[in-house]
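Good morning, colleagues. Please turn to the screen.

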Amino acid sequence: MHDHRLEDYETPSAYRKDRLRLLVRDARTLHAYWEVSDRRKWLTAQHFECDYGQLPKVLRMYDVTYVLFNGHNANRVIDIDLTPEADNWYINGLDADAVYTADLGVYTWERQFVPLLRSNVVQTPRDCPAGWGRPLVPVVAEASVPHPKAYIPPYALEHFAPYRST
């Protein structure tokens with residue numbers, strides 16, 4: 001029999017996968033963590049013809065509350081300039097009872113945002129009790145509008161699939 005002790009196991013420092021995740025901390029704070037694979041870093045460096053470490057990193061937050069998000073129609077966009085060594089961040093000052101998603105990307109030298117990864121979608125909780133008669137889960141406006149028979153509903157974030165995090 002092998003003697004396996006908990007002390008013999010270590011959590012890896014990297015999984016070598018492209019990943020961006022949002023976690024809800026409280027009604028007004030989210031925590032984001034990410035990993036950009038060496039391959040994606042290399043491809044980005046090749047595209048911009050510079051070292052990946054020199055590119056300014058940005059976490060772009062989208063408020064997509066009551067929106068069928070297509071990548072361009074967020075209620076509000078917040079850009080957070082990251083430090084070069086960061087692999088996680090706390091995002092404070094958000095709205096309670098709101099829906100968020102995020103992109104991790106870089107700025108070009110002309111300050112144009114280029115997304116590399118997209119996160120999951122999260123909803124912050126209310127910061128007060130639900131009022132009498134108020135629905136516990138709000139209804140998306142597009143869901144109550146009748147559609148023609150030939151209508152094919154879009155898939156979530158379908159316009160963003162090439163660099164969507166898995």
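I shall begin with the chain as a whole and then turn to its helix.

This is a predicted model, in which local features need pLDDT of at least 70 and side-chain atom pairs count only at pLDDT 80 or more, while totals for chains, interfaces and linings use all residues. Residues are numbered from 1 along each chain as its sequence is written, and side-chain values use heavy atoms, with hydrogens and water left out.

The protein chain has 1 helix and 8 strands; helices (H or I, at least four residues) and strands (E, at least two) are DSSP runs, numbered from the N terminus. Read from the N terminus, the order is β-β-α-β-β-β-β-β-β. Of the 166 residues, 35% are buried, meaning under 20% relative accessible area, whereas exposed means over 50% and partly exposed lies in between (1.4 Å probe, protein chains only). Considering contacts (heavy atoms within 4.5 Å) between residues at least 6 apart in sequence, 62% join residues at least 24 apart.

Let us now consider the helix. Which residues of α1 are buried? In this helix, residues 38-48, they are T44, A45 and F48. Viewed down the axis of α1, these buried residues fall within an arc of 100 degrees, so they line one face of the helix; the arc is that of the directions from the helix axis to the C-beta atoms. The buried residues of α1 pack against β6 (99-107) and β7 (113-118). On the face turned away from the buried side, α1 carries the exposed residues R39 and H47. Just after α1, E49 adopts a positive phi of about 55 degrees.
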